[in-house]
Every structure is written in structure tokens, then in C-alpha cells.
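Please look over the model shown here before reading on. My notes on it come after.

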Amino acid sequence: MPKTLRTPRQQRLQELLAGVRKAKKLTQLDVASRLDRPQSFVAKYEGGERRLDIIEFVEIAEALGADPCALLAKLLRR
């Protein structure tokens, strides 16, 4: 299994999270504030500079007001 930030699945995850954020009309700063993180944290995972662990993914989904299980299912269906 390649350990890269550029795998197709990683890129789909970035697009999925950014798409949910934009659909909810949230800025990166809005999400970062909900996570008690700097805006650069959101910019880095959306821009492919940083991978997320599962706990971070769940916290981000919750900050977006989304069901983490539904997001994961959507990622896997693509």
C-alpha cells in the first residue's frame, strides 16, 4: 500500500470534505474554529499536504455537521 498524499482515494477524500464544507457555506476558518485548530490545518488536509487519521476524520465530519459513516460510505462508493 503506497504511503502517499497523492493516491486517488486520498484526493477523493480531500474533494469530499471540501465539497461538504462548501455546500454548507462554511469557510476553512469556520471549520477550524469548530475544531479548535488553526485555519492552516483545514487548508493542509483539503490541499493534500496532510493526511488525516480516523479520529481526525470523525471530528472533521462532526464539525461539518455530517455523519462520518455516510461520508466514508460515499468515499468507498466512488
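Predicted model: local features only at pLDDT ≥ 70, side-chain atom pairs only at ≥ 80, totals over all residues.

1. Residues are numbered from 1 along each chain as its sequence is written, and side-chain values use heavy atoms, with hydrogens and water left out.

2. Helix α4 spans residues 54–63 and helix α5 residues 68–77; they pack at an angle of about 110°, with axes 9 Å apart. That makes α4 roughly perpendicular to α5 (angles of 65 to 115 degrees count as such). Helices here are DSSP runs of H or I, at least four residues, numbered from the N terminus.

3. Phe57, Val58 and Ala61 of α4 make the contact with Pro68, Leu71 and Leu72 of α5 (contact means heavy atoms within 4.5 Å). By class, this contact of α4 with α5 has six nonpolar residues, no polar and no charged ones; Ala, Val, Leu, Ile, Met, Phe, Trp, Tyr, Cys and Pro count as nonpolar, Asp, Glu, Lys and Arg as charged, and the others, Gly among them, as polar.

4. Glu56, Phe57, Ile60, Ala61 and Ala63 are the buried residues of α4 (buried means under 20% relative accessible area, exposed over 50%, with a 1.4 Å probe and protein chains only). They pack against α1 (8–23), α2 (28–35), α3 (39–47) and α5. On the other side of α4, Ile54, Ile55 and Glu62 are exposed.

5. Arg77 lies in helix α5 and is exposed, its relative accessible area being 63%. Arg77 and Val42 are 35 residues apart in sequence and 24 Å apart in space, C-alpha to C-alpha.

Definitions and conventions. Axes fitted to C-alpha atoms, helices over the stretch in contact; angles between N-to-C directions. Helix = DSSP H or I, 4+ residues; strand = E, 2+ residues; numbered from the N terminus. Parallel < 35°, antiparallel > 145°, perpendicular 65-115°, else oblique.
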